[in-house]
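The sequence and structure are shown first.

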Amino acid sequence: MPTIEINSQNGKDFSGDVLIVPVFSGRERHRLPLAISKVARQVMDEGDFHADPMEIVPLHHPNGVKDSRWMMLVGLGDEETVTLNKIRKAVGAAVRNAVKKGWKQVGVIAPATSALEHDVIQCAVLEGALLADYDFSKFKGKPAPRRLDSVEIFTNGDDTRKARRRQPLVEAGVVACHRVRDLVNTPPGELHPESFAELAQKLARQHKLGCEVLEGEALLKGGFNSLLAVAQGSARGPRVVKLDYKPKEKAKRHVVLVGKGVCFDSGGLSLKDASGMETMKDDMAGAAIVLATLAACAELQVPVQVTGLMGLVENMPSGTSYKPGDVLRSRSGKTIEVLNTDAEGRLVLADLLHWACELEPDHVVDLATLTGACMVALGDGVSGVFGTDQRLVERLLDAGATAGEHLWQMPLVEEYREGLQSHVADLKNISGVRWGGAITAALFLKEFVKPGVSWAHVDLSGAWSGRERDFRTPGGSGEGPRWLLEWLQV
Ligand code: BES
Ligand code: ZN
Ligand code: ZN
């Protein structure tokens with residue numbers, strides 16, 4: 001984490017590599033120091049900059065800032081339609097630019113607009129900057145992490161106390177986001193069930209979380225047959241990790257988070273093709289989110305009891321693989337006919353959801369890169385939310401909106417349940433109908449949730465993107481912990 005300072009100066013005396021100046025597209029620029037606003041006006045008048053959202057113009061040794069090597073104008077678009085997320089993204093896009101150039105000392109002038117409170121703007125600026133300060137160069141021949149040394153936020157006399165009070169929350173969310181990105185980006189040869197479980201244990205020790213790792217016999221005894229079937233084709237054994245966080249005071253409620261942790265999804269005997277497998281190291285994003293969120297809960301001492309269940313397996317083809325046609329007796333006792341070994345995530349989650357419901361929680365939320373169908377529906381920038389408790393779903397959607405991570409509700413269409421009817425078992429793991437794959441997958445999961453339990457399922461279509469976007473680097477997006485923390489805090 002770079003050093004962070006939120007101060008009441010106006011930025012013209014900033015000394016460092018680059019001063020980032022967010023600008024609205026209208027004429028009004030009175031909030032900027034006069035000399036800086038003059039520069040901005042000139043660039044705009046000459047038609048070189050329109051202050052469109054995330055439009056960037058770097059200026060070398062410009063007038064108006066004597067000790068900053070660069071000034072970077074970044075567009076916020078129209079002031080009337082600005083949102084916190086537009087501010088986060090604009091600042092983030094500018095900081096990505098700076099980070100890629102190797103600039104280390106960054107200043108940002110917090111924009112001001114009457115529609116939004118100063119403190120939330122300041123936090124959005126800080127968050128955008130810190131989220132952009134990421135780099136995954138560990139596996140380069142010459143690792144040269146490009147990261148910031150310092151971030152200074154200028155507020156031009158506005159009150160900064162509230163923002164400083166929220167700073168730990170912003171920082172914990174960013175650390176968790178970066179943790180998820182690191183885990184998702186790590187090659188599957190390095191991050192497999194065993195090493196992932198060890199990492200979880202280490203992090204749990206550091207954060208004083210309860211941590212239990214189940215493997216081998218313990219999984220058999222525990223009846224995790226559906227999860228074990230997925231794992232049985234791999235040379236690496238599975239792990240189930242249970243993490244526990246309890247607040248010091250009496251907890252307001254108990255939440256269980258369940259994460260799909262398929263460290264690599266080759267499809268198994270229903271093998272994926274080459275391009276389908278390219279990104280399948282990301283199939284453990286759900287478990288990564290669970291781990292990073294629990295660490296952040298401890299860091300922030302959230303008032304809610306949170307249990308994390310991570311199902312860590314590899315889905316591989318081999319002589320010991322489970323096969324299409326196999327019938328599995330899941331932990332719940334329900335039997336499952338496997339018709340496609342690539343629909344493995346739901347088999348891993350089935351046993352964990354059943355366990356989760358035994359823990360008598362107020363809410364169960366599972367997180368899983370479950371279907372390609374959800375990505376077809378929503379793209380790689382929005383995750384789908386299904387649930388049996390509309391109030392819970394709405395709280396999650398609100399949390400997503402506040403955090404600026406897109407969630408969209410998808411329907412549990414009961415009619416589609418008949419597609420999961422099997423002739424030989426209680427249900428089959430794929431639907432006989434081609435369409436609506438994200439919905440049938442969610443309906444499958446619902447079969448393992450105790451009736452009456454408040455449950456939501458998040459199909460993480462936003463976990464990975466091949467493109468660089470605003471403050472996000474290509475690869476793991478790190479989305480998840482920030483909206484979960486937003487929800488868990490209140
Ligand atoms: N991990 C995949 C889902 C996935 C695929 C997520 C591509 C993101 C991008 C999951 O295990 C899977 O393979 N699902 C199948 C289900 C099908 C066999 C019913 C899918 O979506 O194709
Ligand atoms: Zn699969
Ligand atoms: Zn999968």
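How many of the 12 residues of β9 are buried? In this predicted model, 12 of the 12 are buried, so β9 is largely enclosed by the rest of the structure. Buried denotes under 20% relative accessible area, exposed over 50%, and partly exposed the range in between, with a 1.4 Å probe and protein chains only.

## Basis of the model

Residues are numbered from 1 along each chain as its sequence is written, and chains are lettered from A and ligands numbered from 1 in the order in which they are written. The model is predicted, local features need pLDDT of at least 70, side-chain atom pairs count only at pLDDT 80 or more, and totals for chains, interfaces and linings use all residues, while side-chain values use heavy atoms, with hydrogens and water left out.

## The eight-stranded sheet

An open sheet of mixed pairing is formed by eight strands, in the order β7-β8-β10-β9-β13-β17-β14-β15. Helices (H or I, at least four residues) and strands (E, at least two) are DSSP runs numbered from the N terminus, and two strands pair if DSSP finds at least two bridges between them. On average, neighbouring strands are turned by 20° against each other, direction ignored.

Strand β9 pairs with β10 in the parallel sense over 11 bridges, with K260 opposite G311 in β10. Five bridges join β9 to β13, and these two strands run parallel; V258 has D366 of β13 as its bridge partner. Strand β13 (residues 363-368) is in turn joined by five bridges to β17 (residues 455-459), again in parallel, and V365 stands opposite A456 in β17.

## Helices on the sheet

Helix α12 (residues 390-403) lies across β13, β14 (383-387), β15 and β17, and runs at about 155° to β15. Helix α14 (residues 481-488) also packs on the sheet, where it touches β9 (254-265), β10 (305-315), β13, β15 and β17; its direction makes about 175° with that of β13. Axes are lines fitted to C-alpha atoms, for helices over the stretch in contact, and angles run from 0 to 180 degrees between N-to-C directions. Contact means heavy atoms within 4.5 Å.

Helices α5 (residues 193-207) and α9 (residues 285-300) pack at about 10°, with axes 10 Å apart. They are therefore roughly parallel to each other, a class that covers angles under 35 degrees. The contact involves F196, A200, L203 and H207 of α5 together with A287, A288, L291, A295, A298 and E299 of α9.

A nonpolar core is a set of buried Ala, Val, Leu, Ile, Met, Phe, Trp, Tyr and Cys residues joined through side-chain atoms within 4.5 Å. The largest has 54 residues, and those with the most contacts inside it are F196, M310, W483 and W487. Helix α9 gives the most to this core, with 12 residues. Beyond its neighbours within four places in sequence, F196 is in contact with residues including L183, C263, M284, M310 and L312. A second, separate core of 49 residues includes L227, A231, A356 and A441.

## A loop histidine

H61 is found in the loop between β3 (56-60) and β4 (68-77). At 48% relative accessibility, H61 counts as partly exposed. Leaving aside neighbours within four places in sequence, H61 is in contact with S68 and R69.

Terms used:
Angles under 35 degrees count as roughly parallel, over 145 as roughly antiparallel, 65 to 115 as roughly perpendicular and the rest as oblique.
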